[in-house]
Amino acid sequence: ALQVYLIGSEAMASALEEAGIPFVGGPGPEVDLGWPPEKPELDPDVRAVLLGFDRHFSYAKMVRAVAYLRDPACAFVATNTDTCLPLEGDRVIPGTGSLLAALECASQRKAAIVGKPSEFMFECVLRAEKVARERCLMVGDRLDTDILMGTQCGLPTLLVLTGVSTLAEAQACRDSSDHERHQLAPTYVIDSIADLLPAIDE
């Protein structure tokens with residue numbers, strides 16, 4: 001059976017299992033390949049590399065993924081392009097986008113993005129939930145993924161200021177004459193998602 005080489009979390013592994021998609025790799029550390037790295041043993045049934053957030057991301061995993069991706073017939077798919085993740089105390093840590101940048105650079109290939117800011121995920125939601133597009137509002141805390149996805153899907157967008165992006169950044173995008181930056185400008189801005197609840201109740 002055809003398989004996926006997974007670089008990702010326990011949740012991604014569970015999702016693949018529930019969907020009946022066989023995979024190799026997955027959460028947890030990869031066996032060290034030494035230095036210089038030994039040629040990894042590749043599963044001939046792997047036809048795609050799937051990358052998501054993986055706190056055990058390593059050089060060994062990159063070596064194996066690059067070996068698979070040397071085959072043009074092997075698909076390269078990633079969940080999102082979030083470069084960093086916010087934590088309490090004004091801290092940020094690397095996100096999936098940082099791991100993706102490294103693997104794209106090493107493999108000299110571009111991944112197909114199935115999560116934000118790709119329209120693919122939104123189209124899946126529309127089909128699954130049978131929601132009318134004109135009744136949708138994209139809400140998020142990142143200009144370069146959440147708001148960009150909403151803009152690309154033709155939706156009004158709402159930036160909440162409890163995450164990565166700031167009001168000053170949103171205003172700069174709104175005032176920019178650069179088309180790509182202007183796409184990151186939200187339709188609305190609020191301090192917290194809690195501020196939206198009264199409007200929903202109405």
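In which loop does Pro-36 lie? Pro-36 is placed in the loop between β2 (23-25) and β3, where helices (H or I, at least four residues) and strands (E, at least two) are DSSP runs numbered from the N terminus. The structure is a predicted model, in which local features need pLDDT of at least 70 and side-chain atom pairs count only at pLDDT 80 or more, while totals for chains, interfaces and linings use all residues. Residues are numbered from 1 along each chain as its sequence is written, and side-chain values use heavy atoms, with hydrogens and water left out.

Backbone geometry is considered next. The peptide bond from Trp-35 to Pro-36 is cis, with omega near -10 degrees. A cis peptide bond also joins Lys-116 and Pro-117, with omega about 5 degrees; Pro-117 is located in the loop between β7 and α4 (119-129). Most residues other than glycine have a negative phi, and most peptide bonds are trans. Gln-108 has a phi near 60 degrees, a positive value in a residue other than glycine. Gln-108 belongs to the loop between α3 and β7 and is exposed, with a relative accessible area of 67%; buried denotes under 20% relative accessible area, exposed over 50%, and partly exposed the range in between (1.4 Å probe, protein chains only). For Lys-130, phi is near 55 degrees, again positive in a residue other than glycine. Lys-130 is found in the loop between α4 and β8 (138-140), and at 73% relative accessibility this residue counts as exposed.

The loop between α3 (96-107) and β7 (112-113) also holds Lys-110. At 68% relative accessibility, Lys-110 counts as exposed. With residues up to four places away in sequence not counted, Lys-110 touches Phe-76 and Glu-104, contact meaning heavy atoms within 4.5 Å. Lys-110 and Phe-76 are 34 residues apart along the chain, and their C-alpha atoms are separated by 7.3 Å. The side chains of Lys-110 and Glu-104 are joined by a polar contact of 3.4 Å. A polar contact is a pair of N or O atoms within 3.5 Å; within protein, one must be able to donate a hydrogen and the other to accept it, and residues adjacent in sequence count only if both atoms are side-chain atoms.

Asp-54 occupies the loop between β3 (46-51) and α2 (59-69). At 4% relative accessibility, Asp-54 counts as buried. The side chain of Asp-54 reaches the backbone nitrogen of His-56 at 2.7 Å. Not counting residues up to four places away in sequence, Asp-54 touches Ile-7, Gly-8, Gly-26, Lys-61 and Leu-99.

Helix α5 (residues 143-152) has 7 of its 10 residues buried, so it is largely enclosed by the rest of the structure. The buried residues of α5 are Leu-143, Thr-145, Asp-146, Ile-147, Leu-148, Met-149 and Gly-150. Their cover includes α4, β8, β9 (157-160) and α6 (167-175). Gly-154, whose phi is positive, near 75 degrees, follows α5.

At the level of domains, the domain assignment of the protein gives domain 1 (3-113) and domain 2 (135-194), with bounds that come from an automatic or database assignment. The contact between them takes 5 residues from domain 1 and 4 residues from domain 2. The centres of domain 1 and domain 2, taken over C-alpha atoms, are separated by 28 Å. The size of an interface is often given as the accessible area lost when the parts come together. Between domain 1 and domain 2 the buried area is about 380 Å², of which carbon and sulfur atoms give 53%; buried area is the accessible area (1.4 Å probe) that two parts lose on being put together, summed over both. Asp-82, Cys-84 and Pro-86 supply 72% of the area that domain 1 buries against domain 2, more than any other three residues.

The count between domain 1 and domain 2 is 1 salt bridge, defined as a side-chain nitrogen of Lys or Arg within 4 Å of a carboxyl oxygen of Asp or Glu. A salt bridge links the side chains of Asp-82 and Arg-142 (3.6 Å, N to O).
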